[in-house]
Structure formats: structure tokens, C-alpha cells
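Good morning, everyone. Please look at the chain on the screen while I talk.

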Amino acid sequence: MIGSYLTHTDALIDDLLKLQDPVPLSKIKGYFGSLKGPIYWITCKFPNNPFPSIVEKAAIDVETALDCIEQNPDPEGTVTHMDLRLLSEKIHDLKTVLTYHVPTLPIFLASSKGLFHPEDLNDRAHHHLPEEIRNRLSAQCLLDIKDSGRCLAFDLGTASVFHMMRAIEDVMKAYYAHLTGKTIEQVNMEAEEENDKKKKIVQTWGSYIEALKKANADQFIVAQLDEIKNVCRNPVCHPDENMTIEEALRLFGMGIFIIGEMVARINGVTHG
């Protein structure tokens with residue numbers, strides 16, 4: 001993107017140099033505005049700025065040449081070919097160092113997935129749930145939803161599904177505690193104390209779903225969880241299988257939906 005801005009501006013300068021020297025300032029006002037965004041991105045001191053100092057210096061040189069043209073025109077309101085050539089040289093220098101250094105920079109491109117914008121997936125995946133739902137989720141559940149979105153943005157389908165399954169599992173356990181008044185950990189502790197293995201709830205989705213059935217969980221919730229288990233949970237646990245981005249995208253949507261439905265039941269809201 002930065003390279004295209006530089007090339008476009010360089011072409012504009014070539015056209016301006018064909019005009020009579022000096023060039024009226026009115027003809028270049030606004031020409032270089034689109035260049036300032038990429039220059040700022042290179043030179044700003046945001047955390048973990050990936051650009052090496054040589055690239056930053058070249059960008060500052062372009063910025064200085066731009067300021068010279070825009071802020072210090074001669075009294076007649078014109079810009080000399082010398083100033084334009086200087087700017088062209090600085091842009092050429094910046095393109096040169098970028099061409100050399102960009103392939104080695106730790107920069108990754110995230111793409112949209114369906115209707116999900118990459119910035120939303122990377123930074124705000126949990127915002128696909130309403131605030132009243134988010135406020136009922138544990139910190140770990142929210143973290144897994146965020147990580148699921150980030151993995152989805154960067155085409156890591158299996159990892160995205162894995163994190164979403166963890167998030168769903170966390171809410172499943174909260175739903176069970178809501179229905180029974182006991183956490184799964186408490187039930188298992190009692191089973192240990194009573195030496196009753198039949199009461200123990202094994203840490204698998206199959207066991208959790210069976211426990212929810214026995215606790216008279218909403219049949220719609222149970223059916224949805226069973227479907228997710230069969231379609232996604234089992235394959236993601238096997239190292240010889242991978243989830244495609246299309247599959248991960250569907251699971252992300254299903255996960256957001258079923259988490260919202262379970263929290264709605266915990267809050268006493270049912271849907272007809």
C-alpha cells in the first residue's frame with residue numbers, strides 16, 4: 001500500500017515537472033495529502049514499530065521535503081522544479097529502502113472473513129456478543145473468544161475452532177452450575193469423597209452434554225451442543241485433521257450464537 005502511494009506521487013511530480021518553472025502552488029495543493037498517512041505510519045512511535053531506523057529516516061526526509069513545499073513557498077505562491085526534484089529524490093530513496101527491508105519485516109496481512117472485518121476479528125471479536133452477555137462471561141471465556149477471532153483473521157482455522165470450543169465449554173459448565181447449584185468440580189469432589197465413580201463427570205464434551213441432559217437443560221441447547229461436538233469438537237482433537245477457514249467461520253458464528261443462548265437461559269430468558 002505504501003509503495004503504491006509513493007509511485008502515484010512520483011508520477012504526479014513527473015507531470016508537474018513538465019509545467020513551466022516555477023509551478024503555481026495552486027496546482028499542487030492537495031496532491032500530496034494521500035502521502036502523509038503512510039509517512040506517519042512509518043514514523044509514529046507506536047508500540048513495536050517494525051520499521052528499522054533507516055526506513056524511518058528516509059520517511060522523515062520525505063516529510064521534510066513535503067513541508068518545504070507546502071509551508072514555505074516563495075512570495076509569488078510558486079514551487080520550483082528544484083524543490084520538486086528534491087522531493088522526487090527523497091521518495092525514490094524511501095522506495096529503495098522499503099523494497100529492501102519490507103520483505104523482512106514482521107508484518108502480517110489479515111483479511112475479512114465473511115462479513116467480519118479483520119480489525120473487528122483481531123481486536124473486538126467478543127463484541128459480536130451484546131454487552132449484557134459479555135458481562136456474564138468469565139475472563140478466560142472472553143480471552144478465548146478474542147483469540148478465536150484473531151486466529152480466524154490470520155487464516156488459522158484449526159486454532160480458531162480450538163479457542164471457540166474452549167469458550168463454549170466454559171459457558172457449558174456455568175450453565176450446568178446454574179441448573180444444579182453445583183459446579184462440575186464440586187460434583188466430582190463429592191464423587192471422590194463418596195468413592196462413587198458413577199457420579200463423576202468426566203472432562204469430555206460427551207460427559208458434559210449428558211450431565212446437562214440429566215439436569216433438565218433446554219433441549220434446544222443440548223441439541224445444538226451435540227451438533228457442535230459431532231461436527232467440530234471431535235475433528236479438532238485429532239492431529240491428522242485440520243479445519244478450513246470456511247469451517248472455522250461457521251463454527252465462530254455457531255459458537256457466538258450458542259454462548260448467547262446459554263447465557264440467556266442462565267439469565268432466565270427463554271425463546272419461544
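I'll go from the overall fold to the cores, then to one loop and some charged pairs.

First, the ground rules. This is a predicted model, where local features need pLDDT of at least 70, side-chain atom pairs count only at pLDDT 80 or more, and totals for chains, interfaces and linings use all residues. Residues are numbered from 1 along each chain as its sequence is written, and side-chain values use heavy atoms, with hydrogens and water left out.

Now the fold. The protein chain has 12 helices and 2 strands. Both are DSSP runs, numbered from the N terminus: helices are H or I with at least four residues, strands are E with at least two. Along the sequence the pattern reads α-β-α-α-β-α-α-α-α-α-α-α-α-α.

How much of the chain is buried? Of its 272 residues, 40% are buried. Buried means under 20% relative accessible area, exposed means over 50%, and partly exposed is in between, with a 1.4 Å probe and protein chains only. The accessible surface comes to about 15500 Å², and 54% of that belongs to carbon and sulfur atoms. Those areas come from the Shrake-Rupley method with a 1.4 Å probe; for residues, only the protein chains shown count as cover.

Next, contacts, meaning heavy atoms within 4.5 Å. Take those between residues at least 6 apart in sequence: 69% join residues at least 24 apart.

On to the cores. In soluble globular proteins, nonpolar side chains tend to be buried together. A nonpolar core here is a set of buried Ala, Val, Leu, Ile, Met, Phe, Trp, Tyr and Cys residues joined through side-chain atoms within 4.5 Å. The largest one holds 45 residues, and L137, I145, I168, M172, L225, I259 and M262 touch the most other members. Helices α7 (139-153), α8 (157-180), α9 (184-194), α10 (205-214), α11 (219-236) and α12 (245-266) each give two or more residues to this core.

Now a loop. P22 sits between α1 (2-17) and β1 (23-24). P22 is partly exposed, at 39% relative accessible area. Leaving aside neighbours within four places, P22 is in contact with T78, V79 and T80. P22 and D83 are 61 residues apart along the chain, yet their C-alpha atoms are separated by 9.7 Å.

Last, charge. Side chains of opposite charge can pair when their charged atoms come close. A salt bridge here is a side-chain nitrogen of Lys or Arg within 4 Å of a carboxyl oxygen of Asp or Glu. The whole structure has 10.

Start in α7, where R150 and D147 lie 3 residues apart, about one turn of the helix. Their closest N and O atoms are 2.9 Å apart. R150 is partly exposed at 30%, while D147 is buried at 19%.

Then α12. R265 pairs with E261, closest N and O atoms 2.9 Å apart. Are these two buried or exposed? R265 is buried at 9%, and E261 is buried at 11%. Salt bridges that share partners join D218, E261 and R265 into one network.
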